[in-house]
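Please look over the sequence and the model below; the paragraphs that follow move from one chain to the contact between the two.

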Amino acid sequence: MEANTAVPMEEKGKWDGGGPKPFASSYGKMMMWFFILSDALTFSGFLAAYGLTRFKFIDSWPIADEVFTHVPFVHGEFPMIYVAIMTFILIFSSVTMVLAVDAGHQMKKSKVTWYMFITIIGGIVFVGSQAWEWNTFINGTYGAVKTTEGKVLQFVKNGKQIALADFVTEPRTDGRIQHTRKNGLWFESEGAIPNYSVAQVLQAYNANSDIQVRSEYIDSGEKQKTILSREEGSASLLQVKNVVEGANLQANEYGKTSFSNFFFFITGFHGFHVVSGIIINIIIFFNVILGIYEKRGNYEMVEKVGLYWHFVDLVWVFVFTFFYLV
Amino acid sequence: MAQAHVSNTKRIWIVFGILSVITLVEVYLGIIKPDALHLSGPGTSWLNWIFIILTLGKAYGIAWVFMHLEGENKWFRRAIVWSGVFLVSYLVTLLLIEGGYISDILSPLVRW
């Protein structure tokens with residue numbers, strides 16, 4: 001009789017069917033690892049595509065610490081600081097997660113509950129920070145102009161970038177007003193029009209002799225964007241087609257549009273992972289409170305969701321390096 | 001789950017400390033960008049190599065200690081790590097070579 005039994009009887013009734021464990025690991029944990037492997041390949045596909053595009057435009061790619069310079073509630077330029085804080089938040093919430101797993105191994109229910117709770121809070125704070133970062137990026141800081149060839153020209157004063165609002169003073173003369181559903185043709189609205197017209201910007205450039213144009217081109221010796229002389233600036237401004245304020249999928253005041261596309265896509269996909277991680281964490285958190293794992297006799301579910309949470313942190317480590325540092 | 005019932009709390013905090021220090025070093029270097037490291041180096045700048053190596057160090061800390069890969073069955077660990085490392089380095093190598101090639105062909109056509 002024994003020879004005909006495929007699954008040991010005492011294991012029957014368990015959701016994973018019991019039976020021999022390959023790699024001495026439970027079915028659920030093993031599959032979580034293989035999911036993480038496949039998800040890691042997805043993310044590396046995105047980051048490698050970012051790398052390709054960046055290598056393609058290696059002489060004119062936006063310089064990240066000129067793009068992400070803001071910190072909430074503080075004025076001034078602080079490159080890297082904010083994203084470093086976000087990284088710390090995520091690493092810290094990874095630590096509380098692993099402490100929850102550790103407490104689970106010792107069957108300490110209240111400790112698991114508290115560590116899970118802190119982890120969830122950390123995740124929510126991270127997503128909120130990401131939303132603030134997006135908002136700042138979308139609204140833009142300085143404003144720029146774009147030529148018919150798609151090149152972005154920024155304005156500098158004494159070598160420091162200056163906002164359009166700081167030197168364009170004359171009133172708008174083209175009479176352009178925002179189309180809304182109320183006053184637009186055929187009740188169609190349009191995207192937000194820039195605060196300044198091209199003519200206004202050109203007039204202001206000609207009127208202020210201390211303003212210079214900065215091109216996207218990176219000086220390979222200095223690794224900085226080249227600043228054009230007044231004459232070169234006037235010549236390049238002749239080709240200007242429109243004013244760009246902030247960043248979206250069509251235009252980007254910081255430079256290459258593909259930079260903003262990759263930013264939205266990669267950090268967005270990561271943010272989506274964080275959000276789903278928070279939701280799964282919350283579900284497990286309530287299960288812990290209800291004592292489901294106490295009854296089951298092990299906290300392996302906490303360990304599995306912990307793997308996913310650490311993976312989200314792992315991805316951020318790479319996004320941080322390849323988007324903000326390198 | 002070899003040390004299933006032993007508490008590793010102290011070790012977890014040590015790893016957290018190491019990860020934090022690495023992040024601080026990265027941020028510090030990213031802000032000051034010393035010219036000696038930033039403007040020269042093989043392939044890319046020395047600074048970029050430092051960032052990449054420190055990042056791989058952080059990834060190792062997270063995967064081995066936080067995700068507890070160190071305690072898994074040896075061949076289970078290899079099935080995950082070797083597959084990922086091989087496929088990612090293959091993809092990255094091909095795409096970066098291709099990106100460099102496109103740049104070589106394209107950039108002479110752009111007038112700045």
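What pattern does chain B follow, read along the sequence? The pattern is α-α-α-α, and the secondary structure of chain B comes to four helices and zero strands, where helices (H or I, at least four residues) and strands (E, at least two) are DSSP runs numbered from the N terminus. This is a predicted model, in which local features need pLDDT of at least 70 and side-chain atom pairs count only at pLDDT 80 or more, while totals for chains, interfaces and linings use all residues. Residues are numbered from 1 along each chain as its sequence is written, and chains are lettered from A and ligands numbered from 1 in the order in which they are written.

Along its principal axes, chain B has C-alpha atoms that fill a box of roughly 65 × 35 × 20 Å. Its radius of gyration is 19 Å, whereas a compact globule of 112 residues would have one near 13 Å (taken over C-alpha atoms, with the globule rule being 2.2 Å times the number of residues to the power 0.38). Of the 112 residues of chain B, 19% count as buried, that is, with 20 or more other C-beta atoms within 10 Å of their own, the C-beta atoms being placed from the backbone.

The contact between the chains takes 44 residues from chain A and 47 residues from chain B, two residues being in contact if their C-beta atoms, placed from the backbone, lie within 7 Å. On the side of chain A that touches chain B, the elements that give two or more residues are α1 (27–56), α3 (81–105), β4 (211–219) and α10 (300–325) of chain A, and the largest share, 13 residues, comes from α1(A).

How values were computed. A residue is buried if 20 or more other C-beta atoms lie within 10 Å of its own, exposed if 12 or fewer, and partly exposed in between; C-beta atoms are placed from the backbone.
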